[in-house]
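Let's take a friendly walk through this structure together. Please keep the 3D view open as you read.

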Amino acid sequence: MAVIRVRGVSVYLGDHQALRSVELEVERGELLAVIGPNGSGKTTLLRTIAGVLKPRVGTVYIDGRELREYSRRELARRLGYVPQRLAPQQSLTVLEFVLTGRRAYISFDYTRRDYEKALEALRKVGAEDLADRPLSALSGGEFQRVIIARALACEPEVLILDEPTSNLDPKYQVEIMELVRRLSRSGMTVISSMHDLTQVYRYADKVLALKDGRVYACGRPEEVLTEDNLRQIYGVKVRVLPEYKAVIPDQLPT
Ligand code: ADP
């Protein structure tokens, strides 16, 4: 059974229809990349699956149950959501920040178990050494790992990431994608919006391409990432190199 099912979902942001009759299924342990040009509805889809936005039409199911039947707390224990931008909470240490990911479990104050789970999450992303560091003293790549750790601290079965590698240098991009793949191989379902199509080709199990709020294509990377599809989706010519699992611009600088 699919962990996530999206059925005929349409979402409006004010008067603007950001998603149009979207259909999607994501299986357990699958790494789904959501691609599409700016404004195509990627963030809106992630926020809808995370329960932050409500569809005007259609339904999202998690483990076969309608998303709207879950309480906020139940949902927070199942889904870890890493938004693209985070309000700075620079006065916290890394451990204090990751602990805030345990909110869905807390009734009075953090327990020993909460600390253990927060440290375990930091270990999973290879950032346990950073626990006592102020958030303000992290590099971009370190901060990205730490906000993923915060999402993992709630022990989610589904991890939702909004462009996790934007603003990172190539080394950190690979590091984050390797981490994301490790998590999915360990059975976590991961849904991530992405811009770098080479990374998508190399890491995703399945690709959902959005255009103007509609599903343009959905399938394995080699099915969706064709030169023809990408020209239609992005309006630009690219070269797909299957032997390198790479997508590059077709045009050299003039
Ligand atoms: P993406 O993540 O693919 O860049 P988004 O889901 O963020 O796309 O946005 C979808 C579209 O909705 C964009 O065209 C954006 O301009 C528009 N939009 C976002 N927020 C609002 C809003 N509050 N009111 C009207 N339109 C909005």
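The report below covers the ligand site, the open sheet and a few individual residues.

This is a predicted model, in which local features need pLDDT of at least 70 and side-chain atom pairs count only at pLDDT 80 or more, while totals for chains, interfaces and linings use all residues. Residues are numbered from 1 along each chain as its sequence is written, and side-chain values use heavy atoms, with hydrogens and water left out.

**The ligand site**

Let's begin with the ligand. The residues around the ligand are Leu 13, His 16, Pro 37, Asn 38, Gly 39, Ser 40, Gly 41, Lys 42, Thr 43 and Thr 44; a residue is near a molecule or strand if one of its heavy atoms lies within 4 Å of it. By class, this shell holds two nonpolar, seven polar and one charged residues. Here Ala, Val, Leu, Ile, Met, Phe, Trp, Tyr, Cys and Pro count as nonpolar, Asp, Glu, Lys and Arg as charged, and the others, Gly among them, as polar. Which element gives the most to the shell around the ligand? That is helix H1 (residues 42-49), with three residues. Helices (H or I, at least four residues) and strands (E, at least two) are DSSP runs, numbered from the N terminus.

Polar contacts (pairs of N or O atoms within 3.5 Å; within protein, one must be able to donate a hydrogen and the other to accept it, and residues adjacent in sequence count only if both atoms are side-chain atoms) are listed here.

| Residue | Protein atom | Ligand atom | Distance |
|---|---|---|---|
| Leu 13 | polar backbone atom | nitrogen | 3.3 Å |
| His 16 | N or O atom in the side chain | oxygen | 3.3 Å |
| Thr 43 | polar side-chain atom | oxygen | 2.9 Å |

Taken alone the ligand exposes 580 Å², and the protein buries 57% of that. Accessible areas come from the Shrake-Rupley method with a 1.4 Å probe; for residues, only the protein chains shown count as cover.

Strands of a sheet pair through backbone hydrogen bonds, either parallel or antiparallel. In this model, four strands make an open sheet in the order E2-E1-E4-E5, with antiparallel pairing. Its edge strands are E2 (16-26) and E5 (65-66), each of which pairs on one side only. Two strands pair if DSSP finds at least two bridges between them.

Strand E1 (residues 4-13) is joined to E2 by seven bridges, and Ile 4 stands opposite Val 26 in E2. E1 also pairs with strand E4 (residues 57-62) over five bridges in the antiparallel sense; there, Val 6 stands opposite Val 60 in E4.

Between E4 and E5 there are two bridges, again antiparallel, with Tyr 61 opposite Glu 66 in E5. E4 and E5 form a hairpin with two residues between them. Asp 63, in the turn, has a positive phi of about 50°, and Asp 63 is a residue other than glycine.

Glu 155 sits in the loop between helix H5 (140-152) and strand E7 (158-162).

Is Lys 117 buried or exposed? Lys 117 counts as buried because its relative accessibility is 15%, whereas Glu 155, at 32%, counts as partly exposed. Buried means under 20% relative accessible area, exposed over 50%, and partly exposed in between (1.4 Å probe, protein chains only). Lys 117 lies in helix H4 (residues 112-124) and touches Arg 102, Ala 153 and Glu 155, not counting residues up to four places away in sequence. Contact means heavy atoms within 4.5 Å.
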